[in-house]
Amino acid sequence: RPFPEKIPHFDYDSKMKVLKVTQNGAIRWKAYNWVYLSASLQGKPIGALDIGNGIWRVFYRNVFLGYFDEHVFRKKEQSVRLETNLV
């Protein structure tokens, strides 16, 4: 019978904000906002690194997933998707 997958523990850098991905594949940002990542990450911790001007780089372990701009929440509804570039 198959063995359960053992994933080694991973510590994010202390400069990162560590958040847990919800069942719908998003992280809650501040109180009312959501950033959609991927349903495949549900239940997993991600790390968000502030690179300035409200731009955050998002990682799962040491894999870079994309960026989001927290200022966009003021212009759009209250959810955004990750972007892979900053154009």
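Lys17 lies over the face of Trp29, 5.3 Å from the ring centre. This is a predicted model. Trp29 also belongs to a cluster, linked by ring pairs, that includes Trp56 and Phe68.

**Aromatic rings**
- There are five aromatic pairs in the model.
- One of them joins Trp29 and Trp56 edge-to-face, at 4.7 Å centre to centre and with 70 degrees between the planes.
- Trp29 sits in strand S2 and Trp56 in strand S5, so this pair ties together parts that are 27 residues apart in sequence.
- Both of these tryptophans, Trp29 and Trp56, are buried.
- Another pair is Phe64 with Tyr67, which is edge-to-face too: the centres are 5.0 Å apart and the planes make 70 degrees.
- Tyr67 has a relative accessible area of 15%, under the 20% limit, so Tyr67 is buried.
- Phe64 counts as partly exposed because its relative accessibility is 30%.
- Phe64 also has a charged residue over its face: Arg57, at 4.5 Å from the ring centre.

**Nonpolar core**
- The largest nonpolar core holds 19 residues.
- Ile27, Trp29, Val35, Leu37, Ile46 and Phe68 touch the most other members.
- Strands S2 (26-29), S4 and S5 are the elements that give two or more residues to this core.
- S5 gives the most, with four residues.

**The three-stranded sheet**
- Three strands make an open sheet, in the order S2-S3-S7, with mixed pairing.
- S2 and S7 (79-81) are the edge strands, and each pairs on one side only.
- From one strand to the next, the twist averages 25 degrees.
- S2 and S3 are antiparallel and share four bridges.
- Trp29 has Asn33 in S3 as its bridge partner.
- S3 (residues 33-36) and S7 run parallel, joined by three bridges.

**The S5-S6 pair**
- S5 and S6 are antiparallel over six bridges.
- Val58 stands opposite Gly66 in S6.

**Turns and positive phi**
- Which residue of the S2-S3 hairpin takes a positive phi? Lys30 does, near 55 degrees, in a hairpin with three residues between its strands.
- Arg61 counts as partly exposed because its relative accessibility is 21%.
- Asn53, a residue other than glycine, has a positive phi near 55 degrees.
- Asn53 is found in the loop between strand S4 (45-52) and strand S5 (55-60).
- Is Asn53 buried or exposed? Asn53 counts as exposed because its relative accessibility is 70%.

Definitions and conventions. Residues numbered from 1 in each chain as written. Predicted model: local features only at pLDDT ≥ 70, side-chain atom pairs only at ≥ 80, totals over all residues. Heavy atoms only, no water. Buried < 20%, exposed > 50% of the residue type's maximum accessible area, 1.4 Å probe, protein only. Core = buried A, V, L, I, M, F, W, Y, C linked by side-chain atoms within 4.5 Å. Pairing = 2+ DSSP bridges. Axes fitted to C-alpha atoms, helices over the stretch in contact; angles between N-to-C directions. Phe/Tyr/Trp six-rings, centres within 6.5 Å; stacked < 30°, edge-to-face > 60°. Lys NZ or Arg CZ within 6 Å of the ring centre and 35° of its normal.
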